[in-house]
Amino acid sequence: MNPAPRDGNDDSAPSAFVFAPTPLLTVTIESSPSDVPELHVHAGGQGFWIARMAVTLGLKVRLCGTFGGETGPVVSDLIAQEGVSVRSVFTAGQNGSYVHDRRGGEREEIVEVPPPTLNRHEADDLFGAALAEGLEADVALLGGPHSDRAVPHDVYTRLAADLTALGVPVVADLSGPTMTAALEGGLAVLKVSHEDLLEDGRAKSEDIDDLTAAMKELVSQGARNVVLSRAGDPALALVDGELWEVVAPPLNIADHRGAGDSMTAGMGAALAAGATMVEALQLGAAAGAVNVTRHGLATGQRELVDKVAESVEVRPFAKGKSGR
């Protein structure tokens, strides 16, 4: 079967709920051939980037996040312009934001405004809205907060547990304390990078045995399946206790950022359409591979993702034979 869902404009298309607790306003200064700087204003944040790729892959997407202050309405409108429906939870504080200057070729941070910490009532409102939206979806995709202090960690535990108990598959792309919290609730799929496992102290090294041991520990803590991205190396997937290697075709890299979010969206899109986990890995790897060929996080054409997915190989891992 083709793991890609139908067109998101079709009422019969699968649906996704995306948990994006702290959407951002991003401003980037770019150079231009005329030497007049260009100013690019976009929505940002992991949850939004996952949602944007999910829309590209044909899902009907409903994003739930917090919006407040002068920046909140701007971010909400920018998200809606990408074809993502927005469930807003209004807060007293403004949304986080950043300004980057890329005229020199590399990103230079000019200013970053972190999102505020939600108070108890705001956190309860966010949880209630997220649970209601998640119950209407074919798959729930959990993105992380821009700051570990922004959202109480137990929101992830409760949301994962309740959605799982009510039959909604939960796919999470998390690290650190929010990952630990979501694992307590139970996850259908946890996607994590090997850098995050090393930074969190969950893996001793990049050695395959150490990474595999860390993945098995994540399964024991609440993830049914674990997908481990490894930068330029093939991803690993622990599916029902069996270790798989996910080999995508090598494509020239324009910008590596956003590949992991695109992979998460691809897996979620496939699972929402009723695909197997192997098919989900193919579509996810293809979405991530196509993203790196473009300037812009979690972007790409659906037709190209579908085509690249045909060339993604998912095979049992054999130590000593890893690689493209």
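A: Two strands pair if DSSP finds at least two bridges between them. Helices (H or I, at least four residues) and strands (E, at least two) are DSSP runs, numbered from the N terminus. This is a predicted model, in which local features need pLDDT of at least 70, side-chain atom pairs count only at pLDDT 80 or more, and totals for chains, interfaces and linings use all residues. Residues are numbered from 1 along each chain as its sequence is written, and side-chain values use heavy atoms, with hydrogens and water left out.

Q: How many bridges join β1 to strand β8?

A: Strands of a sheet pair through backbone hydrogen bonds, either parallel or antiparallel. Here β1 and β8 (residues 139-143) run parallel and are joined by four bridges, with V18 opposite L141 in β8. Five bridges join β1 to β4, also parallel, and S15 stands opposite K60 in β4.

Q: What is the order of the strands in the open sheet?

A: The 10 strands follow the order β5-β4-β1-β8-β9-β10-β11-β12-β13-β14, with mixed pairing. β5 and β14 (313-316) each have a single partner strand, so one side of each lacks a neighbour in the sheet.

Q: Which residues of β1 point one way, and which the other way?

A: Buried means under 20% relative accessible area, exposed over 50%, and partly exposed in between (1.4 Å probe, protein chains only). From β1 (residues 15-19), S15, F17 and F19 point one way and A16 and V18 the other way, and all are buried.
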